[in-house]
Amino acid sequence: KPIRSDFAIWSARITYRSNDINSSYSSVKNGTDRLVAFLKKSGFDDAEVVRGALSTKKLYAQTTGKEITREDTFRTIAGYDVTQSVEVRSGKVDKVDEISRTSTELLGQGIALESDPPQYLYTKISEVKREILGSAAEDAFRRARQVAEKSGASVGKLRGVRMSPLQITSAFSSEISSEGQNDTSSIDKAITAIVTATFEVK
C-alpha cells in the first residue's frame with residue numbers, strides 16, 4: 001500500500017569556536033537567532049521550532065613533549081566550542097524538505113550551520129495495519145474458498161490470522177527484512193506485510 005509521510009523532523013546545529021567563551025556564546029546566539037528567523041519566514045510557527053540547550057566544550061592547549069601526569073592536571077584552556085541545536089518538528093512535510101536544502105544559503109551569510117537529513121515519518125501506522133489486516137483476511141478467504149471448491153470442500157470459520165513485521169520502505173523499493181523496516185529517508189513510501197490466515201475446512 002502506498003503511503004505519504006505526514007510528519008517530518010529536521011535537526012541543525014550552530015557551532016562557533018573562540019578563545020573567549022563570551023565571543024563564542026554571542027556568535028552562537030546570533031547564528032541561532034538568524035536560523036530561527038529564517039525558519040519562521042519559511043512558514044514554521046513557534047510551536048514547530050525548538051531550540052536545544054547550549055553545550056560548551058573546553059579546548060586545551062597541547063602539551064607537546066611531555067605526557068599528561070598528575071602534575072599536569074591543570075592544563076591551559078586554549079578556547080571553547082559552543083553549540084546550540086535547533087529542531088523543526090512539523091506536519092508541513094514539503095516545507096521541511098525545502099528548508100533542508102535552502103538552509104545552505106545561511107552558510108553564505110557566515111553562519112556556521114550543520115544539519116542532518118530530514119526524518120520523514122508516517123503517524124497513522126496503526127490505522128493502516130488494521131486496514132491491511134482486514135483486506136488481507138478477506139482476500140485470504142476468497143482464495144481459500146476457490147481452492148476448497150475445486151476439491152469439493154467448503155471453508156468454515158477463521159481460526160487465526162498472523163501478520164509479519166511491517167516493511168515500510170521507500171516507494172518502489174524491494175528490500176525486506178525479517179525484523180521489519182521503517183524507512184525515514186523518503187517522503188513517499190510503501191507499506192507491505194505478509195498475512196497468514198487459517199480457516200476450518202468442511
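Of the 202 residues in the protein, 31% count as buried. The model is a predicted one.

**Whole chain.** Start with everything shown. The C-alpha atoms fill a box of roughly 90 × 50 × 25 Å along the principal axes. The radius of gyration is 27 Å, whereas a compact globule of 202 residues would have one near 17 Å. The accessible surface comes to about 13,000 Å². Carbon and sulfur atoms hold 48% of that surface.

Switch to secondary structure. There are 3 helices and 11 strands. Along the sequence they run β-β-α-β-β-α-β-β-α-β-β-β-β-β. Among contacts with a separation of 6 or more, 74% join residues 24 or more positions apart.

**Main core.** Select W10, L35, L39, F44 and L113. These residues have the most contacts inside the largest nonpolar core, which has 23 residues. β2 (7-18), α1, β4 (77-90) and α2 (93-102) each give two or more residues to this core. Now centre on L113. Leaving out residues up to four places away in sequence, L113 touches A12, R13, I14, L35, S103, L106 and L107.

**Second core.** Select I3, I132, I168 and I191. They are among the 8 residues of a second, separate core.

**E48.** Last stop: the loop between α1 (21-41) and β3 (49-60), where E48 lies. Is E48 buried or exposed? E48 counts as buried because its relative accessibility is 11%, below the 20% cut-off. Show its neighbours. Beyond four places in sequence, E48 touches G43, E87, V88, R89, S90, G91 and K92. Then find the backbone nitrogen of D45: a polar atom of the E48 side chain lies 2.9 Å from it.

Notes: Residues are numbered from 1 along each chain as its sequence is written. This is a predicted model: local features need pLDDT of at least 70, side-chain atom pairs count only at pLDDT 80 or more; totals for chains, interfaces and linings use all residues. Side-chain values use heavy atoms; hydrogens and water are left out. Helices (H or I, at least four residues) and strands (E, at least two) are DSSP runs, numbered from the N terminus. Buried means under 20% relative accessible area, exposed over 50%, partly exposed in between (1.4 Å probe, protein chains only). A polar contact is a pair of N or O atoms within 3.5 Å; within protein, one must be able to donate a hydrogen and the other to accept it, and residues adjacent in sequence count only if both atoms are side-chain atoms. Contact means heavy atoms within 4.5 Å. A nonpolar core is a set of buried Ala, Val, Leu, Ile, Met, Phe, Trp, Tyr and Cys residues joined through side-chain atoms within 4.5 Å. The radius of gyration is taken over C-alpha atoms; the globule rule is 2.2 Å times the number of residues to the power 0.38. Accessible areas come from the Shrake-Rupley method with a 1.4 Å probe; for residues, only the protein chains shown count as cover.
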